[in-house]
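Work through the exercises below with the structure open beside the text. Try each task before reading its solution.

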Amino acid sequence: MANSKPSDATPARSLPPMELIDLKSQQNRIRDKIDVAIKRVLDHGAYIMGPEVGELERQLAKFAGAKHCVSCGSGTDALLIALMAMGVGPGDAVICPAFTFTATPEVVALIGATPVLADVDPATYNLAPNSLESAIATARKMGLTPKVVMPVDLFGLPADYDPIEPIAVANGMAVLCDSAQSFGATYRGRTVGSIGTATATSFFPAKPLGCYGDGGAIFTDDDSLAKAMRSIRLHGKGDDKYEIVRIGINGRMDTIQAAVLIEKLAIFPDEIEARQTAARRYSERLSNLVGAPTVPAGSQSVWAQYTIRLQADRREQIAAALKAEGIPTAVYYPRPVHQQEAYLTCPVASTGLTASEQASAEVLSLPMHPYLTTADQDRVCDALARALAL
Ligand SMILES: Cc1ncc(COP(=O)(O)O)c(C=O)c1O
């Protein structure tokens, strides 16, 4: 690809609008296989906990390098079930980054525990270890028991687990990885799903590995945690069907979604490669123009999003200029958690949440998916260069 100076090329106004995440191209690629897989479920009729669910769990556990995979109804359920299995409740603190999707702190509040918000690293947008320590101190000062740290692998990049894990161990805390956006990524030789006490992921359609509805999964090597998660997913069931041994939820994954995911998992490694190529092409063109994403040595992002950084006072104008050329963008997330009405009273790290606030004001996500062509990316980069020159 050519280098990044503003292009004189005419704006491609006549071209059809692009997709931020193109799910149709993937569907076209495997539509016949998906049709057969869904028909198989319709034929056997085991819509709940059918054979595809167990088969998917075996394949996902192998892919992730985890001993157990417990599939469930969504990424939110995955986080909730994991926290319930860990016995988190009132009086406990769960440390979450302030720059994340609302599901991260939401599940903590739902079970009566207290989310305590920590700041992120300004370069990676992931939980900053020094802020984690400050948030733990805040929790203790409030008389709460710091029970779990929940790092988020934002935009598909694993959090910096090497410094986080010893802090968790020193404080007797579990690590629940919110890897909703990062299934398929790696961190220093470790695959997402094999990191922390447990890992929760999402198969929301737009995620790197997505189904055709809601879906999620939890990974762990801990036998008793996995047993509790399977029970919670099924209303707290014991060994016998009508024996209820704990409070649970209806958190199962539909068989049809499992059947779809089995087909999508088969092409996932190839799609991960394609995402790497697309991200590399963007970075080659954009790193001189805007704040391009940082991937620390030893990590591989799965590029759920390709998120650039702009001057806060120019972001709206630039997004509008791209939109006028048929190029969609998105802001994930326009407000950090502590500035959302529902979380205004949430305790925060005493060192502040400046990086989260700044990221919310400056980030912009560009079209990103495995089926982006070089021409698509040239179109985005040319339009962006023109918008920046306005
Ligand atoms: C960081 C994060 N956590 C949790 C979730 C929840 O996943 P789901 O939408 O499958 O419930 C999401 C989904 O967008 C997410 O991005």
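**Exercise 1.** How many bridges join strand β4 to strand β5, and do the two strands run parallel or antiparallel?

*Solution.* The model is a predicted one. Find β4 at residues 145–149 and β5 at residues 174–178. The two strands run parallel and are joined by 2 bridges. Next, look at Val-148, which stands opposite Ala-174 in β5.

**Exercise 2.** State the strand order of the open sheet and name its edge strands.

*Solution.* The sheet has 7 strands in the order β1-β9-β8-β5-β4-β2-β3. Its pairing is mixed. The edge strands are β1 (68–72) and β3 (114–118), since each pairs on one side only. On average, neighbouring strands are turned by 30° against each other, ignoring direction.

**Exercise 3.** Describe how helix α2 meets helix α8.

*Solution.* The axes of α2 (residues 51–64) and α8 (residues 255–286) come within 8 Å and cross at roughly 25°. Angles under 35 degrees count as roughly parallel, so α2 is roughly parallel to α8. The crossing is left-handed. Among the contact residues are Leu-56, Leu-60 and Phe-63 of α2, and Ile-262, Leu-265 and Phe-268 of α8. Sorted by type, the residues of this contact are 12 nonpolar, 2 polar and 2 charged.

Technical notes: Residues numbered from 1 in each chain as written. Predicted model: local features only at pLDDT ≥ 70, side-chain atom pairs only at ≥ 80, totals over all residues. Heavy atoms only, no water. Axes fitted to C-alpha atoms, helices over the stretch in contact; angles between N-to-C directions. Helix = DSSP H or I, 4+ residues; strand = E, 2+ residues; numbered from the N terminus. Parallel < 35°, antiparallel > 145°, perpendicular 65-115°, else oblique. Left-handed = near helix turned anticlockwise from the far one by under 90°. Contact = heavy atoms within 4.5 Å. Nonpolar A, V, L, I, M, F, W, Y, C, P; charged D, E, K, R; others polar. Pairing = 2+ DSSP bridges.
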